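Hi,

Here is the structure I promised to pass on to you. Please have it open while you read, as my notes follow below.

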Amino acid sequence: MKILVVKNYEEMSARAAEIFAAQIKSKPDSVLGLATGSTPEGLYGKLAEANARGEVDFAAVRTVNLDEYYPISPENDQSYRYFMNKQLFDRVNIDKANTMVPDGTAKDTDAFCQAYEEKIDAMGGIDMQLLGIGRNGHIGFNEPDGELIPFTHLTALTPSTIVANARFFASEADVPKHALTMGIQSVFKAKKVVMLASGKDKADAVKAMLNGNLNTRCPASLLRLHPDVTVICDEDAYSLVK
Ligand code: F6R
């Protein structure tokens, strides 16, 4: 695991943008695993700027998103499909047909999840997977638990994640209680993983990920088993690591 500690959110976003731009340059039809939330917004902005300057070409890039609330329609401005369009896809020359976000309207979620996993495999797997970290150590919506479901599945959000995500909704009651998420093993199939963490409210989770035991109670700790992970942390997020 490579750990880069940077000054702040801006620097974290810039370093991540360099890494993703280099990936796309070295393999123009890269399959990128993408995340939503506050953490990657700076990275997506920087990639959009680089695309506008003609430095990064998304024409052949394919993307797979980690997760989506369930149920939710793609037009809902809190859906992760809406977020991805606004933050990245509408700002770069990507073909939207090459972008996959779990379908928050899927009726048969088991069939949907199996097909999602098969589509990732059919694309040759994910070349570079972007991750954020939840305050409780979740990755994707793989919430702390005694056991984890390995592949894409429907899951219930924990009360702490519902509280954390309520900031995006009119009220806590409006936060969907479920999500479709890639599993830990889906993430582990990625050739490279880049995790971003910024801010004091991530310090406990980053400490548990790096210093704690390998444990499904901190899903992010399992990343220590993956052969190619880069963690880019700002000083606040790294502040409790020993
Ligand atoms: C989002 C996702 C989540 C977030 C995590 C951190 O696609 O998979 O695991 O990465 O909840 O969210 P932020 O960045 O909003 O702190």
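This is a predicted model: local features need pLDDT of at least 70, side-chain atom pairs count only at pLDDT 80 or more; totals for chains, interfaces and linings use all residues.

Strands S6 (residues 128–131) and S9 (residues 192–197) run parallel and are joined by four bridges.

Zooming out, S6 and S9 belong to an open sheet of seven strands with parallel pairing. Its order is S1-S10-S9-S6-S2-S3-S5. At the edges you will find strand S1 (2–6) and strand S5 (99–100), each of which pairs on one side only.

Now to the part I expect you will want to look at on screen: the ligand. Which residues come nearest to the ligand? Of the 14 residues around it, they are Thr 39, Asp 67, His 138, Gly 140 and Lys 202. For three of these I can give you distances to an oxygen atom of the ligand:

- Thr 39: a polar side-chain atom lies 2.4 Å away from an oxygen atom of the ligand.
- Asp 67: here too a polar side-chain atom is involved, 2.6 Å from an oxygen atom of the ligand.
- Gly 140: a polar backbone atom is 2.7 Å from an oxygen atom of the ligand.

On its own the ligand has 410 Å² of accessible area, and the protein covers 93% of that. The space taken by the ligand is the largest pocket. Sorted by class, the shell around the ligand holds eight polar, three charged and three nonpolar residues.

The peptide bond from Tyr 70 to Pro 71 is cis, with omega near -10°. To find the spot, go to the loop between strand S4 (67–70) and helix H3 (80–87), where Pro 71 lies.

Happy to go through any of this with you.

Best wishes

Notes
Residues are numbered from 1 along each chain as its sequence is written. Side-chain values use heavy atoms; hydrogens and water are left out. A residue is near a molecule or strand if one of its heavy atoms lies within 4 Å of it. A polar contact is a pair of N or O atoms within 3.5 Å; within protein, one must be able to donate a hydrogen and the other to accept it, and residues adjacent in sequence count only if both atoms are side-chain atoms. Accessible areas come from the Shrake-Rupley method with a 1.4 Å probe; for residues, only the protein chains shown count as cover. On a 1 Å grid over the protein atoms alone, a cavity is a set of points where a 1.4 Å probe fits but cannot get out, and a pocket is an open set with protein on both sides within 12 Å along at least five of seven lines; lining residues have an atom within 4 Å of a point. A molecule sits in a cavity or pocket if more than half of its atoms lie within 2 Å of its grid points. Ala, Val, Leu, Ile, Met, Phe, Trp, Tyr, Cys and Pro count as nonpolar, Asp, Glu, Lys and Arg as charged, and the others, Gly among them, as polar. Two strands pair if DSSP finds at least two bridges between them. Helices (H or I, at least four residues) and strands (E, at least two) are DSSP runs, numbered from the N terminus.
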